[in-house]
Amino acid sequence: MNRTLKSFLLHAALIVGAALTLFPLFWMLSASFMANGEATQFPPHLIPHAATLDQYRQLFTRLNLGRAFFSSAFVASMVTIFSVLFNSMAGYAFAKLRFGGRDRIFGLLLAALVIPPQVGMLPLFLLMKQLHLVNSYWGAIIPSLATVFGVFLIRQFMLDVPQELLEAARLDGASELRIYWSVVLPLARPILATLATFMFMSTWNDFMWPLIILSDQSHYTLPVALANLSGEHVQDLELMMAGSVVTVLPVLMLFVFLQRYYIAGLMAGSVKG
Amino acid sequence: MSAEARAAMLFLAPALLLIFLFFFAPVVAGFALSLTDFDLYSIGDIHNLRFVGLHNYRELTGSSIFWQAFFNTLLFAAAGGPLTVLGSLVSALLVNAKLTRWKAMFRTIYFAPVVTTLVAVSIVFKYLYHPRFGVINRALSVVGVPAIDWLGDPHWALFSIIILAIWRQFGYSMIIFIAGLQTISDELYEAARIDGAGPWRQFRHVTLPMLAPTFLFVGIVTAIGYLQLFAEPYVMTQGGPLNHTLSAVMLMYQQGFKFWRMGYAAAVAFVLFLVVGSATLVQLRFQRSR
């Protein structure tokens, strides 16, 4: 087979694959701009004949999806800020500070990576009930504030921070807190960005725990609100597509802009520590 | 204690406390919970709680719905997992091929579904699968395939969810395969070529063995993820038709948070834990023996 033919077949396969991959997202976006009933007509419209924002208007006025958007943004932002802080502190300690039992504790944490989180959800709910955090944003936020994955990710990165740098700062009389804040954190900026991107996206997309802990519509995050809406509006295809766009688009945009960090995190997570 | 160790305790305290209190303790408590008859009455008054030993597990193994849920979950992971990994490998080979142009663009496109919200894309696929006006059936009707009730027919429902799962997940392992492929040095291929190996034998005897650690990682991660199937059936089928898409996590959710039979649901969760643990062990063992 000659080179040109090979290249043609290769790119044909790549383009077909890309079309299949993008089609559901394209169709979601396209149908969200259609009037009621247009997407189910025959022959089918793949592009709206007269694009309209009606579905979005309905979502944000009558159906109050703006509230869920705010909930999602708040929960995801809080998790992102605090998890970056707590995980970076712990990751730094595991990587660079000497203390008894360090490797044993870390090994124990790693074992947790194979425990499905659902195993603890029932007692976690009862615990949250005791703390009066059921149906509150903090109930959704707190369990994600520190994660084994986050600690692991930061530790792997910080192992490469030169010890001499820390020793030099210590000789200069800097406190441990100051070393962490002004020497270590600035060096770790790329991995902090990675973790932040990761945490924001996974919290934004999270479904099961918010579904359990947020029992009242006023606190629903987008995925929970959307699942709830889809039960009541089975016939309203165009409306549900608009709701899906509102939910998916922020993370998709974030990914497109921050994919360098996101993919770096993925790779770091896959390297066995 | 040295100043350094004292500082370490301080740095570790928030994360370890949170992980212990909101992860480890609930997991351990989950096992204890599974040995009780915790239900709606116990939520009202904890004194109604009784220790019942392995009663919940006995009840589970005697219930056909439990077997069905775990059968579905294992089938989903056993069929969907390898298909996803295969899709990932093929797409990684295509994207990473020497002749490929616009590599970054294809990589981004193939990866995009991974970051989408599962609930939202499940809704999108639910409409794509619609028996009358779904795009999939309409496309198939062009080539003369009669309409299929993808999510309503017990024979097709789980398969349809597997297709969605592959679509959403293959980009993840693709990225890791690409990273693995890039670590294989050109000299190995060069040497194979000199020995007269064609493209297929180079793939079989250089690429595949060199990717073995990647297969292990990707296999474990995919299996663990798939065994936790929940959002797709929750949104698309509610576990139907006739419980053919009911998953283990869904059973746990229904029993625990719909009917408040938390002791029973905790037993379901713990069995799931055992399944995930053994799946990991089997894969580690399998990989090591090769």
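A loop and its surroundings

A: Let's start with N243(B), which is found in the loop between helix 12 and helix 13 of chain B. Helices here are DSSP runs of H or I with at least four residues, and strands are runs of E with at least two, numbered from the N terminus. Before going on, please note that this is a predicted model, where local features need pLDDT of at least 70, side-chain atom pairs count only at pLDDT 80 or more, and totals for chains, interfaces and linings use all residues. Residues are numbered from 1 along each chain as its sequence is written, while chains are lettered from A and ligands numbered from 1 in the order in which they are written.

N243(B) has a positive phi of about 65°, although it is not a glycine. Is N243(B) buried or exposed? N243(B) counts as buried because it has 20 C-beta neighbours inside 10 Å. The cut-offs are these: 20 or more other C-beta atoms within 10 Å make a residue buried, 12 or fewer make it exposed, and anything in between is partly exposed, with C-beta atoms placed from the backbone.

Q238(B) also lies in the loop between helix 12 and helix 13 of chain B. Its phi is positive too, at about 50°, and Q238(B) is not a glycine either. With 14 other C-beta atoms within 10 Å, Q238(B) is partly exposed.

Now look at P241(B), placed in the loop between helix 12 (231-236) and helix 13 (248-258). A cis peptide bond joins G240(B) to P241(B), with omega about -10°.

Further along chain B we reach V268(B). Setting aside neighbours within four places in sequence, V268(B) is in contact with L60(B), A248(B), L251(B), M252(B) and Q255(B). Contact means that the C-beta atoms of two residues, placed from the backbone, lie within 7 Å. V268(B) is also one of the residues with the most contacts inside the largest nonpolar core, which has 167 residues. Such a core is a set of buried Ala, Val, Leu, Ile, Met, Phe, Trp, Tyr and Cys residues joined through C-beta atoms within 7 Å. Helix 8 (residues 157-182) of chain B gives the most to this core, with 14 residues.

E59(B) sits in helix 3 (residues 55-61) of chain B. E59(B) and A267(B) are 208 residues apart along the chain, but 9.8 Å separates their C-alpha atoms. E59(B) is partly exposed, with 15 C-beta neighbours inside 10 Å.

Finally, step back to see both chains. In all, 65 residues of chain A are in contact with 70 residues of chain B. Helix 13 (residues 237-270) of chain A gives the most to the side of chain A that touches chain B, with 14 residues. By class, that side has 49 nonpolar, 13 polar and three charged residues. Here Ala, Val, Leu, Ile, Met, Phe, Trp, Tyr, Cys and Pro count as nonpolar, Asp, Glu, Lys and Arg as charged, and the others, Gly among them, as polar. Chain A itself has 13 helices and zero strands.
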